[in-house]
Amino acid sequence: MSELIVPRRFCGPPDTGNGGWTAGALAALDDADSPDNRCDSWPAIEVSLRRPPPLDTVLHVTEADGVLTAAVGGVTIATARRAERDLVEVDPVAPDVAAAAEASYPGLDFHPFPTCFACGTAREEGDGLRIFPGRTGAGPDGDRVAATWTPHPSLHEDWHVYVDEHPRASVAATWAALDCIGGWAGDLAERLMVLGRMTARIDDLPVIGEPHVVVGEGRGQEGRKTSTASTLYDGDGRVVATAEHTWIAVDPELFGGRTPLARS
């Protein structure tokens, strides 16, 4: 048994964990699938969020039959397992196009969770990721969006768990960078959604201080569910990590979020 804590810094909604960071932190505990040098590639790992992740609370993590389960008080919060399928990457966008798109980020006008670690506009530089994706075109079934991101030194992975001359962002921070851009590629500006499932593959942990581009696209809706994907590229256009998501439409009042009708 091991433990997982989601510090308040890594919130999504104001009182619960950012789904991507939480999912990545749980995936990072998957010792069976972790590379010896954590800078090396990780296989695709699927994390299902069963309950809103509580902040500053010890989650007990157990493993059985290849499935990690994070729980508190006997209630399952999230599960993680290796995904036996390939992920389809989102096509790249040039860095200058991604930078220009940020001016059209819908969250600048209205944001349901302005304190979100990944995409919140109320987070300061060096605290939140401040990934502000704007539309760059049409995806296969929804918008294609993009933003730039330079990992901050505070996001570094523990130097004791990998061997490399460059400081790297943590697994959890990398998953967080791939998270909310998917929601904005869906319909987050029109209805409140939270992350229900995320599957991510890391090819190379992002280097601290190096500019990156993260792209996302919508891949369809069915009832309360919205499917999206995202891919993180380095400055040379190489894939760093990629993810696919399932989002669930929820009642904003249950998550402390704002609705478009409450913009004022």
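## The largest cavity

Ala27, Trp42, Pro43, Ile45, Val171, Trp175, Ala200, Arg201 and Ile202 line the largest cavity of this predicted model. A cavity here is a set of points on a 1 Å grid over the protein atoms alone where a 1.4 Å probe fits but cannot get out, and lining residues have an atom within 4 Å of a point. By this rule there is one cavity of 30 Å³ or more. The largest cavity holds about 40 Å³ of space, a volume being the space filled by probe spheres set on the points, which are joined across faces, edges and corners.

Helix H3 (171-177) and strand E8 (193-202) each give at least two residues to this lining. The largest share, three residues, comes from E8. Helices (H or I, at least four residues) and strands (E, at least two) are DSSP runs, numbered from the N terminus. The lining divides into eight nonpolar residues, no polar and one charged. Ala, Val, Leu, Ile, Met, Phe, Trp, Tyr, Cys and Pro count as nonpolar, Asp, Glu, Lys and Arg as charged, and the others, Gly among them, as polar.

His245 belongs to strand E11 (residues 239-249). His245 counts as buried because its relative accessibility is 3%; buried means under 20% relative accessible area, exposed over 50% and partly exposed in between (1.4 Å probe, protein chains only). A polar atom of the His245 side chain lies 2.7 Å from the backbone oxygen of Leu178. The side chains of His245 and Ser230 make a polar contact of 3.4 Å. A polar contact is a pair of N or O atoms within 3.5 Å; within protein, one must be able to donate a hydrogen and the other to accept it, and residues adjacent in sequence count only if both atoms are side-chain atoms.

Glu217 lies in strand E9 (residues 212-222). Glu217 is buried because its relative accessibility is 4%. Its side chain is joined to that of Arg144 by a polar contact of 2.5 Å.

## Arg85

Arg85 sits in the loop between strand E5 (75-82) and helix H2 (95-101). Arg85 counts as partly exposed because its relative accessibility is 39%. Not counting residues up to four places away in sequence, Arg85 touches Ala44, Thr199 and Glu244, where contact means heavy atoms within 4.5 Å. The side chain of Arg85 makes a polar contact of 2.7 Å with the side chain of Glu244. Arg85 and Thr199 are 114 residues apart in sequence and 9.9 Å apart in space, C-alpha to C-alpha.

## Basis of the values

Residues are numbered from 1 along each chain as its sequence is written, and side-chain values use heavy atoms, leaving out hydrogens and water. Local features need pLDDT of at least 70 and side-chain atom pairs count only at pLDDT 80 or more, while totals for chains, interfaces and linings use all residues.

Key. 1 Å grid on protein atoms, 1.4 Å probe; cavity = no way out; pocket = protein on both sides within 12 Å on 5 of 7 lines; lining within 4 Å.
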